[in-house]
Amino acid sequence: EGRKMALYGLRDLDAGDEAVYTLALFSESSGVRLAGISGIARLAPPTAQAVDALLVTIERDADAGVRRAAAVTLGKIAADDPRVRAALEKIRATSTDADLVRAAERSLPKR
């Protein structure tokens, strides 16, 4: 709980850096992972490392809410990245989680 709140505090103060938020994506706590995603969403522009970490999160995280948050964040910060588009398209085509599919669809750039 303390790490989660610290991450949100850093985010709100614009004091955190990408390494801190990216590392949080590998925490055992889904709350800490969500806080890390939230912090990455506020960074501009994201680096390839942050995008890669979010792509791994979409594919492998055990928590559906964390996967949804990663999909939405990727859509906001890197929708034009071909790897992101491919990952979101894959979710749309193969996922059985209706909420995750909806998040991916909303995150895909309009054509």
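Trainee: Which residues is Leu 74 in contact with, leaving aside its neighbours within four places in sequence?
Mentor: This is a predicted model, and Leu 74 is one of the buried residues of helix H5. With neighbours within four places in sequence set aside, the contacts of Leu 74 are Val 51, Leu 54, Leu 55, Ile 58, Ala 79 and Val 84.

Trainee: Which residues of the largest nonpolar core touch the most other members?
Mentor: Nonpolar side chains tend to be buried together in soluble globular proteins. The largest nonpolar core here has 28 residues, and those touching the most other members are Ile 40, Leu 54, Ile 58, Leu 74, Val 84 and Leu 88.

Trainee: Which elements give two or more residues to this core?
Mentor: The core in question is the largest nonpolar one, with 28 residues. Two or more of its residues come from each of helix H2 (18-24), helix H3 (30-42), H4, H5, H6 and helix H7 (98-107).

Trainee: What covers the buried residues of H5?
Mentor: H5 has 15 residues and reaches 21 Å from its first C-alpha to its last, close to the 21 Å expected. Its buried residues are Val 66, Arg 67, Ala 70, Ala 71, Thr 73, Leu 74, Gly 75, Ile 77 and Ala 78. The cover over these buried residues includes H3, H4, H6 and H7.

Trainee: Is Thr 73 buried or exposed?
Mentor: Thr 73 sits in helix H5. Outside the four places on either side in sequence, Thr 73 is in contact with Ile 37, Ala 41 and Leu 54. Its relative accessible area is 6%, and the cut-off is under 20%, so Thr 73 is buried.

Trainee: Which residues of H4 are buried?
Mentor: H4 has 13 residues and spans 18 Å from first C-alpha to last, close to the 18 Å expected. What covers its buried residues includes H2, H3, H5 and H6. The buried residues of H4 are Ala 50, Val 51, Ala 53, Leu 54, Leu 55, Thr 57 and Ile 58.

Trainee: What volume does the largest pocket have?
Mentor: Rolling a probe the size of a water molecule over the atoms shows where empty space is left. The lining of the largest pocket includes Leu 55, Ile 58 and Arg 67. By class, the lining has five nonpolar, two polar and four charged residues. The volume of this pocket is about 170 Å³.

Trainee: Which helix gives the most to the lining of the largest pocket?
Mentor: Two helices, H4 (48-60) and H6 (82-94), each supply at least two residues of this lining. The one that gives the most, with five residues, is H6.

Trainee: Where is Asp 97?
Mentor: Asp 97 is buried, with a relative accessible area of 18%. Leaving out neighbours within four places in sequence, Asp 97 is in contact with Ala 64, Arg 67 and Arg 68. Its place is the loop between H6 and H7.

Trainee: How many Å apart in space are Ala 103 and Val 66, C-alpha to C-alpha?
Mentor: Ala 103 belongs to helix H7 and counts as buried at 8% relative accessibility. Not counting residues up to four places away in sequence, Ala 103 touches Arg 68, Ala 71 and Val 72. Ala 103 and Val 66 are 37 residues apart in sequence, and their C-alpha distance is 11 Å.

Trainee: Which residues does Ser 38 touch, not counting residues up to four places away in sequence?
Mentor: Ser 38 lies in helix H3 and is buried, at 17% relative accessible area. With residues up to four places away not counted, Ser 38 touches Tyr 8 and Arg 11.

Trainee: Why does Arg 42 count as neither buried nor exposed?
Mentor: Arg 42 is in helix H3. Buried needs under 20% relative accessible area and exposed over 50%. Arg 42 counts as partly exposed because its relative accessibility is 44%.

Trainee: What is the phi of Asp 14?
Mentor: Asp 14 is in the loop between helix H1 (2-12) and H2, and counts as exposed at 59% relative accessibility. Arg 42 touches Asp 14, along with Arg 11 and Asp 12. Most residues other than glycine have a negative phi. Asp 14 is not a glycine, yet its phi is positive, at about 55°.

Notes
Residues are numbered from 1 along each chain as its sequence is written. This is a predicted model: local features need pLDDT of at least 70, side-chain atom pairs count only at pLDDT 80 or more; totals for chains, interfaces and linings use all residues. Side-chain values use heavy atoms; hydrogens and water are left out. Helices (H or I, at least four residues) and strands (E, at least two) are DSSP runs, numbered from the N terminus. Buried means under 20% relative accessible area, exposed over 50%, partly exposed in between (1.4 Å probe, protein chains only). Contact means heavy atoms within 4.5 Å. On a 1 Å grid over the protein atoms alone, a cavity is a set of points where a 1.4 Å probe fits but cannot get out, and a pocket is an open set with protein on both sides within 12 Å along at least five of seven lines; lining residues have an atom within 4 Å of a point. Grid points are joined across faces, edges and corners, and a volume is the space filled by probe spheres set on the points. Ala, Val, Leu, Ile, Met, Phe, Trp, Tyr, Cys and Pro count as nonpolar, Asp, Glu, Lys and Arg as charged, and the others, Gly among them, as polar. A nonpolar core is a set of buried Ala, Val, Leu, Ile, Met, Phe, Trp, Tyr and Cys residues joined through side-chain atoms within 4.5 Å. The expected span of a helix is 1.5 Å times one less than its number of residues.
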